Amino acid sequence: MQGFSMKTSHLVCLVLLPVLSQARVTTFSQCPAFFVDGQSPTILQDPGNNNRYQQICQCLLDQNDKPLYFYATLYDTQNKIPVYSAYNLSHADIDREDRWYVEPQLDGGSYECMGEENQIPIANRGQRQALNEDYFGSGYDKGHLFPVYHTSSSSAMLATSTLTNAAPQDPTFNRGRWRVHENAMVELARDCLRAFMVTGVVPGNTVIGNGVRVAKYYWSAICCLEKEGRHSQAFIGPDNNGQVQGLSVKELDARLSGLNHFNTAFTVFGERC
């Protein structure tokens, strides 16, 4: 599909929702709205560990304990980082609140929503997911896949601050060229009737804390729905010069499919965008 130019229009702010608790592990069948035509990117499989890759529909509970879904994440419990997060891009100026949650169910907790580490049995904490302490003194940032800058409500902002939506990221890249890229995506999406985003990581060889894999590359793809059709663009970085490269989504698919880590044909949007 063809690329598209930057245009200007107004984004609609979402109504703020009451926040009581966060995220539950389920299948993507609960949150198809974050995928183009309801179809997710490739869901990785590990023949030696059927429970390695977990599909998470990230949500908050309203005051009636009804789940309100904000995005979807495929999580790698072996490397303890996400494979990708998929969401609808919608920006507004939101005050950031720096708190981080874990997913108790991944480590045998009985609490059905995302919460605090103390909701996981002590012996199980950190077995299948990253903890805050893994980042202490590591020199790496908690790099959001679904970033705060791509949200338009306080509830959505809070929903991004989960360790299942973050990977260790070089702080220079995170606060530099990747932040510039995230800002540029908002401009790119201004004239979209709807903007579907998928952001993912490619694990490197470095490990921090208790086996949390550092991201070697970050990648993203956008599908813009406009009156005249659908347009897509992809990005990956850092390159050898620390920059973010633009490429077609098909080129990104080919690069990800060629990785030993994925070990399968990978597609972000398929033929849908």
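Biologist: What share of the 273 residues in the chain is buried?

Modeller: A first note: this is a predicted model, where local features need pLDDT of at least 70, side-chain atom pairs count only at pLDDT 80 or more, and totals for chains, interfaces and linings use all residues. Residues are numbered from 1 along each chain as its sequence is written, and side-chain values use heavy atoms, leaving out hydrogens and water. A residue is buried under 20% relative accessible area, exposed over 50%, and partly exposed in between (1.4 Å probe, protein chains only). Of the 273 residues in the chain, the buried share is 52%.

Biologist: How many helices and strands are there in the chain?

Modeller: Helices (H or I, at least four residues) and strands (E, at least two) are DSSP runs, numbered from the N terminus. Read from that end, the elements go β-β-β-β-β-α-β-α-α-β-β-β-β-α. The tally is four helices and 10 strands.

Biologist: Among contacts between residues at least 6 apart in sequence, what share joins residues at least 24 apart?

Modeller: Contact here means heavy atoms within 4.5 Å. Take the contacts in the chain between residues at least 6 apart in sequence; the share joining residues at least 24 apart is 66%.

Biologist: How many disulfides does the structure hold?

Modeller: A disulfide is a pair of cysteine sulfur atoms within 2.5 Å. Counting bonded cysteines along the chain, the pattern is 1-2, 3-5, 4-6. The number of disulfides is three.

Biologist: Is the disulfide of C31 and C57 left-handed or right-handed?

Modeller: The sulfur atoms of C31 and C57 are 2.0 Å apart. This pair links distant parts of the chain, with C31 in the loop between β1 and β2 and C57 in strand β2, 26 residues apart. The torsion about their S-S bond is about -75°, so this disulfide is left-handed.

Biologist: And is the disulfide of C223 and C273 left-handed or right-handed?

Modeller: C223 and C273 are joined with an S to S distance of 2.1 Å. C223 lies in strand β8 and C273 in the segment after α4, 50 residues apart. The torsion about the S-S bond is about 100°, so the disulfide is right-handed.

Biologist: How far apart in sequence are the parts that R230 and D37 tie together?

Modeller: A salt bridge is a side-chain nitrogen of Lys or Arg within 4 Å of a carboxyl oxygen of Asp or Glu, and the count comes to five. In the one between R230 and D37, the closest N and O atoms are 2.9 Å apart. R230 lies in strand β9 and D37 in the loop between β1 (22-25) and β2, so the distance along the sequence is 193 residues.

Biologist: Which residues are linked in a network of salt bridges?

Modeller: R52 forms a salt bridge with D76, with the closest N and O atoms 2.9 Å apart. R52 is in the loop between β1 and β2, while D76 is in strand β3. Both are buried. The network links D46, R52 and D76.

Biologist: Which side chain makes a polar contact with the side chain of Q129?

Modeller: Q129 sits in the loop between β4 and β5, and Q129 is buried, because its relative accessible area is 1%. A polar contact is a pair of N or O atoms within 3.5 Å; within protein, one must be able to donate a hydrogen and the other to accept it, and residues adjacent in sequence count only if both atoms are side-chain atoms. At 3.2 Å, the partner of the Q129 side chain is that of D107.
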